Amino acid sequence: MMQDEVVERRKWLTSEEFLDLLGATNLIPGPNSTEMAIHIGHRRAGWVGLIVAGVCFIFPAALITLALAWVYVRFGSVPEARGILYGVKPVIIAVVLQAIWGLGKSALKTKPLMALGAVTLAASFFGVNELVLLLGAGALTVFGRFWSRRGAPPGASVLQIAPVALGTMSSGVGAFSPLKLFLVFLKIGAILFGSGYVLLAFLRADLVDRLHWMTEKQLIDAVAVGQLTPGPVFSTATFIGYVVGGGTGAVLATLGIFLPSFFFVAVSGALIPRLQRSAGARAFLDGVNVASLALMTAVTWDLGRAALVDAATVALAVASAILLLRFKINSAWLVVGGAALGFVLKALL
């Protein structure tokens with residue numbers, strides 16, 4: 001949609017410039033779609049354009065998600081609402097599986113990367129910190145790439161130490177506080193590489209396992225809303241913020257998860273050409289992408305156990321996966337169809 005709007009229709013960028021910006025978004029953490037909008041705004045209208053493009057891209061999705069969060073909190077326990085979510089959740093599992101399948105074909109390019117993915121997946125099931133897995137996989141890939149060339153990468157000691165140091169960061173179980181909510185989402189926005197669905201692994205680790213602010217059920221409901229609404233999947237943060245902290249929580253979670261994107265786009269412009277030419281940077285991203293895929297797989301397994309509760313939900317998930325992978329049906333239509341079917345099934349039962 002962006003390419004059609006800014007290259008074909010408005011002629012703001014050439015195809016080459018657009019692809020350069022698209023490549024740049026893959027070299028920095030955060031949601032790629034949001035960062036692409038921010039990059040385009042900056043290229044078109046400088047610093048003012050950077051802010052305007054980012055805010056205008058995020059705001060509609062956040063507002064719609066906020067409205068649905070209010071409905072969820074207000075009516076989530078009503079049987080009709082439970083029926084809708086009953087049908088949506090299996091579809092979401094299928095949507096994430098489709099993303100894993102598509103990303104796997106491009107991420108698992110070599111046998112060493114496949115082996116790294118398997119090890120990362122196993123480590124995730126054993127409870128290793130997701131940040132350690134992401135940065136550790138990136139560092140291992142850099143070392144492997146340079147070792148095969150009989151050389152040591154510049155800055156190797158930093159890459160070696162960073163995963164261990166960051167792995168010690170733990171939110172810790174505690175009472176809810178707006179500041180802690182903001183910092184959790186700020187951390188996620190600042191370190192998350194890969195697909196927006198990797199967000200699930202971080203949300204589950206922080207909000208379900210460590211802080212116990214949400215249940216597995218509430219998390220998968222949040223993911224369903226994030227998929228149902230237009231805009232970046234990261235708008236799930238708005239929903240979660242409202243569920244755990246009301247209106248203030250929604251604002252803080254949204255600011256926390258999106259602020260790093262503005263920062264990274266602003267500071268990375270001059271560095272992008274050098275990073276794109278760096279074999280070390282490309283190797284690091286290869287490892288991070290494989291680890292992201294493994295984290296997505298692990299969290300989908302756990303969420304699947306919460307969503308696929310009977311024969312009907314299993315059948316709906318399988319049918320959705322077939323429609324997505326074989327017939328390329330738009331996932332939004334499947335979510336709407338799942339909601340309608342869930343409503344009918346719950347009414348009949």
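K187 counts as buried at 17% relative accessibility, where buried means under 20% relative accessible area, exposed over 50%, and partly exposed in between, computed with a 1.4 Å probe on protein chains only. This is a predicted model, in which local features need pLDDT of at least 70 and side-chain atom pairs count only at pLDDT 80 or more, while totals for chains, interfaces and linings use all residues. Residues are numbered from 1 along each chain as its sequence is written, and side-chain values use heavy atoms, with hydrogens and water left out.

K187 forms a salt bridge with D206 (a side-chain nitrogen of Lys or Arg within 4 Å of a carboxyl oxygen of Asp or Glu), and their closest N and O atoms are 2.9 Å apart. The pair links distant parts of the chain, with K187 in helix α8 (residues 178-191) and D206 in helix α9 (residues 199-210), 19 residues apart; helices are DSSP runs of H or I with at least four residues, numbered from the N terminus. D206 is likewise classed as buried, at 0% relative accessibility.

## The network around R204

By the same rule, the count comes to 11 salt bridges. R204, D209, E216, D302 and R305 are linked in a network of such contacts. Within it, R204 meets D209 at 3.3 Å, N to O, and R204 also meets E216 at 2.9 Å, N to O.

R204 is buried, with a relative accessible area of 16%, whereas D209 is partly exposed at 37% relative accessibility.

## The bend in helix α3

Helix α3 (residues 32-75) has 44 residues, yet its end C-alpha atoms are only 33 Å apart, short of the 64 Å that a straight helix would reach at 1.5 Å a residue; this expected span is 1.5 Å times one less than the number of residues. The helix bends by about 150° at A45, the bend being the angle between axes fitted to the seven residues ending there and the seven starting there.

## The cavity

A search of the whole structure finds one cavity of 30 Å³ or more, a cavity being a set of points on a 1 Å grid over the protein atoms alone where a 1.4 Å probe fits but cannot get out, with lining residues having an atom within 4 Å of a point. Y86, G87, A312, T313, L316, L341, G342 and L345 line the largest cavity, and the elements that give two or more residues to this lining are α4 (79-107), α14 (311-325) and α15 (331-348).

Key
On a 1 Å grid over the protein atoms alone, a cavity is a set of points where a 1.4 Å probe fits but cannot get out, and a pocket is an open set with protein on both sides within 12 Å along at least five of seven lines; lining residues have an atom within 4 Å of a point. Grid points are joined across faces, edges and corners, and a volume is the space filled by probe spheres set on the points.
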